[in-house]
Amino acid sequence: MQLITVVLYDFFSKLLIYQYLADKSASFAAKAMGVAPFLVRDYEAAARLYSVRKILDNITLIREYDARSKGFRQTALADGELLRELLSRLMA
């Protein structure tokens, strides 16, 4: 669960950076986000699907579920249940 939350957090953080870029050319965006230029197309496609508000909401959810997976304010849910719940809330 912790590995998945790290990957999701990284993705949405970079997507947020992309959304705020004035120059969204592949080379500039890749340098700003710290990714290879060929990956910018994936972030560009994701940026069309997620508004800045939704990205911020998703980052908040990821942080909440990461804390819950580590035992903070958590009832007895298994990591698999937490992951399913997180993914369903991210897609809503």
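How many helices and how many strands are in the chain? The chain has 5 helices and 0 strands; helices (H or I, at least four residues) and strands (E, at least two) are DSSP runs numbered from the N terminus. This is a predicted model, in which local features need pLDDT of at least 70, side-chain atom pairs count only at pLDDT 80 or more, and totals for chains, interfaces and linings use all residues. Residues are numbered from 1 along each chain as its sequence is written, and side-chain values use heavy atoms, with hydrogens and water left out.

**Figure 1. The whole chain.** Along the sequence the pattern is α-α-α-α-α. The C-alpha atoms fill a box of roughly 45 × 20 × 15 Å, taken along the principal axes. Of the 92 residues in the chain, 34% are buried; buried means under 20% relative accessible area, exposed over 50%, and partly exposed in between (1.4 Å probe, protein chains only). Contact means heavy atoms within 4.5 Å. Among contacts between residues at least 6 apart in sequence, 63% join residues at least 24 apart.

**Figure 2. The largest nonpolar core.** A nonpolar core is a set of buried Ala, Val, Leu, Ile, Met, Phe, Trp, Tyr and Cys residues joined through side-chain atoms within 4.5 Å. The largest one has 23 residues, and those with the most contacts inside it are Phe12, Leu15, Tyr18, Met33, Val40 and Leu86. At least two residues of this core come from each of helix 1, helix 2, helix 3, helix 4 (52-69) and helix 5 (79-91). Leucine 86 touches Met1, Thr5, Leu8, Leu61, Ile62 and Tyr65, not counting residues up to four places away in sequence.

Figure 3. In helix 3 (residues 40-49), the buried residues are Val40, Tyr43, Ala46 and Ala47. They lie on the same side of helix 3 because they cover an arc of only 120° around the axis; the arc is that of the directions from the helix axis to the C-beta atoms. Arg41, Arg48 and Leu49 are exposed on the other side of helix 3. The cover over the buried residues of helix 3 includes helix 1 (2-20) and helix 2 (26-33).

**Figure 4. Helix 1 against helix 4.** These helices pack at an angle of about 160°, with their axes 10 Å apart. Axes are lines fitted to C-alpha atoms, for helices over the stretch in contact, and angles run from 0 to 180 degrees between N-to-C directions. Helix 1 and helix 4 are therefore roughly antiparallel; angles under 35 degrees count as roughly parallel, over 145 as roughly antiparallel, 65 to 115 as roughly perpendicular and the rest as oblique. Residues making the contact include Tyr9, Phe12 and Leu16 of helix 1 and Ile55, Ile59 and Arg63 of helix 4.

**Figure 5. Serine 69 in helix 4.** Serine 69 lies in helix 4 and is buried, with a relative accessible area of 14%. Not counting residues up to four places away in sequence, serine 69 touches Met1, Gln2, Asp79 and Leu82. The C-alpha atoms of serine 69 and isoleucine 59, 10 residues apart along the chain, are separated by 15 Å.

**Figure 6. Helix 1 against helix 5.** Helix 1 and helix 5 pack at an angle of about 15°, with their axes 11 Å apart. That angle makes helix 1 roughly parallel to helix 5. The contact is made by Ile4, Thr5 and Leu8 of helix 1 and by Leu83, Leu86, Leu87 and Leu90 of helix 5.
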